[in-house]
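Subject: Structure handover

Hello,

Here is the structure you asked for. Please open it first and keep it beside you while you read the notes that follow.

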Amino acid sequence: MASFGRFIRLAFGVCTLLLLAMAAPASAQQVNPTASSVKEQQLLQELNRIQGRVSIPDQRSGVLEQPQGREWREFRMVTLPWIGGVAIIGMIALIMIFYLTRGMVRLESGHSGRTIVRFNGFERFVHWMTATCFIILAISGLNVTFGRQLLLPLIGFEAFSEWSQWAKYAHNYLSFPFTLGVVLIFLMWIGGNIPNKVDIEWAKRGGGLIGHDHPPANRFNGGQKMIYWIVVIGGGLVAASGYALMFPFYGTGIESMQMAQIVHSIVAVLFVAAMIGHIYIGTIGMEGAFAAMGSGEVDVNWAREHHSLWLDEQMARTGPNDGQRQPATAAAE
Amino acid sequence: MARMKFLCDADRCIECNACVTACKNEHEVPWGINRRRVVTINDGKPGERSISMACMHCTDAPCAAVCPVNCFYTTADAVVLHSKDLCIGCGYCFYACPFGAPQYPKVGNFGSRGKMDKCTYCAGGPEADGSKEEYAKYGANRLAEGKLPLCAEMCSTKSLLAGDGEIIAQIYKERVMKRGYGSGAWGWKTAYREAIES
């Protein structure tokens, strides 16, 4: 029995050796590790990005390739300057045409000499705080998009870099008072800025901008309500996207950072265009308008022409202000 | 002049991270910054590959295009470098870079970024070649000494190749021919708009 067992073992061993000898050269030729390996083009087609594992602490560096940076580049270098250029230059052109054809919107009934409080000290403080921040934010922001093409050739690399560095600091730090201002504006003027039927009538009659019509309006007319919502919604969007950019990669990946920059810049250039219109109508565009945010008191005749319903309300409550200041907080209601 | 490129032969990379270490040591790269890293795809699964990646020194570099202060420049060897004196740390080059090369030291408040740092192809910066100032800002300038980037020079499996694009492409092609396979030059299509046919 022992010899039979040995024979079986031997026969089995020989068979195995034979099999191995036959299989070995064949398998050596078939080895192609690339056949089953990950492939760059395939991965890019599937996800438009390649991500893997890294052994260093910076886990973001696990993104090996993100060619969508190219689309972002296209946006930043071509799309955004176009949107911004058309919006801002277009707005300035519109205003110039308007100013040249219509001129300043005059106070048609003249000054009455009697004034009424339109914005109290706190309201004006919030307005000017937000406005100052906005102007600096706008200039430093536009510098990022247009500075390299427009300003750099004029002042040279070193000076432009120095200025841009300070502009960046200003942009980052002034975002805080600006955001606070937007929040306060939202809360303090929300009462007077809910769109209603008066605004439809106001808009139908061209808001008094076309012709010499003076459609009735509450404390805020249709145009001002529009500005209010642009500030609240636009301000909210730039603040949210701006903080995402300022605190990079806190819960955001590379795509969301690109998206934040896209949202931030588009909203910002449109915001700037809208504010140019707002500044125009509040200064040289309309006689008597600046006083509302300047001294806080407007002429009664001005109020009658532009905010008749509000004036009636105020008169019923307190009567005109003959040199004596009246609290205007109630006016917001 | 040569057109300098990097090529990582993924079929040879064993993820030893020697290139990462060599780079950090050679240039005394600050803590938290990695100019080069090794990414492993499909880790632990069949077909896993590791690729050593740094700045690829792209043709028509996206970082240079989007920089708001125009701090990038390309050398005669087609190496993409930048000036840390001009950089304002805005982070735009990171959004545009297909390879995640730009790095920012965290300075001061919240996430505010310092001057960008990235692979210099061991070619320093705008300061005088081999000067102290250059070393402090950008690290060693091996190229000026006639040497190639250290990461590739000391790669144990010769997976990472650095040098003139045509020469390293030729080396890679010969390898592929001899062994009968190759998963391609990773990143070349994105960086140089060309692939090595094998």
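In chain A of this predicted model, 69% of the contacts between residues at least 6 apart in sequence join residues that are at least 24 apart. The secondary structure of chain A comes to 13 helices and 4 strands. Of its 333 residues, 29% are buried.

The average pLDDT of chain A is 85, and 86% of the residues score at least 70. Where pLDDT is low, the predicted coordinates should not be read in detail.

Now to chain B. Chain B has 7 helices and 6 strands. Starting at the N terminus, its elements follow the order β-α-β-β-α-β-β-α-α-α-β-α-α. The C-alpha atoms of chain B fill a box of roughly 50 × 40 × 30 Å along the principal axes. The radius of gyration of chain B is 17 Å, which agrees with the value near 16 Å that a compact globule of 198 residues would have. Buried residues make up 52% of the 198 residues in chain B. Of the contacts in chain B with a separation of 6 or more, 56% are between residues 24 or more positions apart.

Which residues of helix 1 of chain B are buried? In this helix, residues 18-27, they are C19(B), V20(B), C23(B), K24(B) and H27(B). Looking down the axis of helix 1 of chain B, the buried residues fall within an arc of 130°, so they line one face of the helix. They pack against strand 2 (37-41), strand 3 (49-53), helix 5 (150-153) and strand 6 (160-164) of chain B. Helix 1 of chain B is followed by E28(B), which has a positive phi near 45°.

The two chains touch each other. The contact involves 46 residues of chain A and 43 residues of chain B. On the side of chain B that touches chain A, strand 2, strand 3, helix 2 (62-66) and helix 3 (92-96) of chain B each supply at least two residues. Strand 2 of chain B gives the largest share of this side, 5 residues. By class, the side of chain B that touches chain A consists of 23 nonpolar, 16 polar and 4 charged residues.

Next, the nonpolar cores. The largest nonpolar core has 76 residues, and C93(B) and L160(B) touch the most other members. Helix 3 of chain B contributes the largest share of this core, 5 residues. Another core lies apart from it and has 13 residues, including I116(A), V117(A), V298(A) and A303(A). What does L160(B) contact, leaving aside its neighbours within four places in sequence? L160(B) is in contact with F6(B), C8(B), C19(B), S52(B), C151(B), A152(B) and C155(B). One of these, C19(B), is also among the buried residues of helix 1 of chain B.

N42(B) is not a glycine, yet has a positive phi of about 55°. N42(B) sits in the loop between strand 2 and strand 3 of chain B. Is N42(B) buried or partly exposed? With 16 other C-beta atoms within 10 Å, N42(B) is partly exposed, because a residue needs 20 or more to be buried. N70(B), also a residue other than glycine, has a positive phi near 55°. N70(B) lies in the loop between helix 2 and strand 4 (72-74) of chain B. Having 19 C-beta neighbours inside 10 Å, N70(B) counts as partly exposed.

Last, C97(B). This residue is in the loop between helix 3 and helix 4 (132-138) of chain B. C97(B) has 23 C-beta neighbours inside 10 Å and therefore counts as buried. Not counting residues up to four places away in sequence, C97(B) touches P62(B), C63(B) and P102(B), as well as G69(A). C97(B) and R175(B) are 78 residues apart along the chain, and their C-alpha atoms are separated by 30 Å.

Regards

Key:
Residues numbered from 1 in each chain as written. Chains lettered and ligands numbered in written order. Predicted model: local features only at pLDDT ≥ 70, side-chain atom pairs only at ≥ 80, totals over all residues. Rg over C-alpha atoms; globule rule 2.2 N^0.38 Å. Buried ≥ 20, exposed ≤ 12 C-beta atoms within 10 Å, placed from the backbone. Contact = placed C-beta atoms within 7 Å. Arc of directions from axis to C-beta. Nonpolar A, V, L, I, M, F, W, Y, C, P; charged D, E, K, R; others polar. Core = buried A, V, L, I, M, F, W, Y, C linked by C-beta atoms within 7 Å. pLDDT = per-residue confidence, 0-100.
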